[in-house]
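Subject: Structure handover

Hello,

Here is the structure for your files.

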Amino acid sequence: MASTTSPSLSLSSSSTLVDGKTTRQSAAVASSQCVTLPTLPPPPAVQSRAARATAYCRKIARNVAAMATSTGEVATAEATGETATTELPSELVQKIQEVWDKVDDKYAVSSLGVAAFILLWSSTGVISAIDRLPLIPGVLELVGIGYTGWFAYKNLIFKPDREALIVKIKELYQDILGSS
């Protein structure tokens with residue numbers, strides 16, 4: 001049996017591997033020379049997905065660091081009349097603190113906020129469970145499309161109906177906010 005050694009491939013017997021199965025070749029058919037093919041790089045789509053995400057994150061980090069350390073970019077933002085992004089959160093926090101200070105029953109507001117969060121969290125679980133059922137999402141979609149068509153026909157197509165809808169909305173708005 002012939003044995004030939006090359007830098008990347010060694011053929012030491014007359015069996016070769018084809019599609020994960022070993023096939024036996026006769027000694028006369030086995031060649032005394034071994035031909036190797038150069039290895040190809042992985043396809044661009046496979047290697048670039050993670051590499052692109054990493055490169056994009058690094059690019060954002062460099063841009064943020066450059067904006068934080070350079071004075072030229074801050075000066076151009078002030079020259080164009082834009083507000084700096086650091087001022088917006090502090091103004092927002094101050095407004096929220098002012099509104100919170102005006103609240104009389106902070107315990108009730110906090111309880112309502114926690115209850116709203118729990119309700120939102122549980123409703124997403126219910127909706128995802130309904131979405132996994134085989135027939136229900138399609139039926140609910142058809143019901144929604146039907147109701148939207150009915151509402152548009154009854155309230156939006158003709159001018160008197162539109163005006164009546166606008167009056168109803170304004171009355172509801174005044175009932176919620178009170179007369180001011």
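The notes below go from the overall fold to one group of aromatic side chains.

Please keep in mind that this is a predicted model.

Overall fold. The protein has 180 residues, and 3% of them are buried. Its secondary structure consists of 4 strands and 6 helices. Along the sequence the order is β-β-β-β-α-α-α-α-α-α.

Surface and contacts. The accessible surface amounts to about 16100 Å², with carbon and sulfur atoms contributing 66% of that area. Taking the contacts in the protein with a separation of 6 or more, 21% are between residues 24 or more positions apart.

Aromatic side chains. Searching the whole structure gives 3 aromatic pairs. In one of them, Y147 and W150, the ring centres are 5.6 Å apart and the planes meet at 35 degrees, so this pair counts as tilted; the tilted class lies between stacked, under 30 degrees, and edge-to-face, over 60. Both residues belong to helix 5, which covers residues 136-155. Y147 and W150 are 3 residues apart there, about one turn of the helix. Ring pairs also bring in F151, giving a cluster of Y147, W150 and F151.

How accessible is W150? Its relative accessibility is 46%. Buried would require a value under 20% and exposed one over 50%, so W150 is classed as partly exposed.

Regards

Technical notes. Residues numbered from 1 in each chain as written. Predicted model: local features only at pLDDT ≥ 70, side-chain atom pairs only at ≥ 80, totals over all residues. Heavy atoms only, no water. Helix = DSSP H or I, 4+ residues; strand = E, 2+ residues; numbered from the N terminus. Buried < 20%, exposed > 50% of the residue type's maximum accessible area, 1.4 Å probe, protein only. Contact = heavy atoms within 4.5 Å. Areas by Shrake-Rupley, 256 points an atom, 1.4 Å probe, with all protein chains shown as cover. Phe/Tyr/Trp six-rings, centres within 6.5 Å; stacked < 30°, edge-to-face > 60°.
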